[in-house]
Amino acid sequence: MTNYPECARALAKYRINPGNVGRGNKHDPQFAVMVEKAIDYGKPIRIGVNWGSLDQDLLASLMDENGRSANPHDAAQVMRDALITSAIRSAQFAEALGLPADRIILACKVSNVQDLIAVYTELAKRCDYPLHLGLTEAGMGSKGIVASTAAMAVLLQQGIGDTIRASLTPDRTAIVRAKCWSRRRSCRRWAFVRSLRSSARAPDAAGRRAISFRISRPRSKPICGSRCRAGGCNTRASKT
């Protein structure tokens, strides 16, 4: 954001994950640089705390404090408290640096429906910042859609949440049917795709995109395994 100011000006909003801006002595200065640029260019900031990249120093501190408590909470509760504390402390730090409160949005991303509801219910009690709702890595396809819908519906019904986002788990592993033809016999088996990615090209008239993938297979033998006795198989793969 410092080296490429045109990019910083073009963005509509910045997202800061407090767990990814550096640890120890690097955390506050690097966080401050991003906030200062938002102030310079008049941009809002979404402080998005993620359970998968939570500030480890903060989490360790809360775990130690919980361990000394006469009535300690379970680890899941401590993690939820760490998410909330990280988001609120970061917002207060941004305000102290000069960013107006009405330009700060908070998000605490988890992947479990009940955790999301518990975190945002408590977060709404403890602050007045706008809240951004959404499960992270909610699941693939209909599973992710249903989980996201259920979680956000419960919170929105309670008047909690100002913006929403559905974050589904990418389908990185697909199953394809590999057909192997040889001189002596033909056979079929299922193979797993190591990588699956959509082409950068625009979708066609039917909304479809080209898919490229690589088949996982042993290097020393044909994809159909030892049953195929002839070498030099002509292998094809079709997405199913």
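Analyst: Helices (H or I, at least four residues) and strands (E, at least two) are DSSP runs, numbered from the N terminus. By that rule, the chain has six helices and nine strands. This is a predicted model, in which local features need pLDDT of at least 70 and side-chain atom pairs count only at pLDDT 80 or more, while totals for chains, interfaces and linings use all residues. Residues are numbered from 1 along each chain as its sequence is written, and side-chain values use heavy atoms, leaving out hydrogens and water.

User: Why is Ile88 called buried?

Analyst: Buried means under 20% relative accessible area, exposed over 50%, and partly exposed in between (1.4 Å probe, protein chains only). Ile88 has a relative accessible area of 9%, and is therefore buried. Ile88 is found in helix H4, residues 75-96.

User: What does Ile88 touch, not counting residues up to four places away in sequence?

Analyst: Contact means heavy atoms within 4.5 Å. With that exclusion, Ile88 touches Leu106, Leu123, Arg126 and Cys127. Ile88 and Leu106 are 18 residues apart in sequence, and their C-alpha atoms are 8.0 Å apart.

User: What makes a set of residues a nonpolar core?

Analyst: Such a core is a set of buried Ala, Val, Leu, Ile, Met, Phe, Trp, Tyr and Cys residues joined through side-chain atoms within 4.5 Å. The largest one here has 45 residues, and those touching the most other members include Leu106, Tyr120 and Leu123. H4 gives the most to this core, with nine residues.
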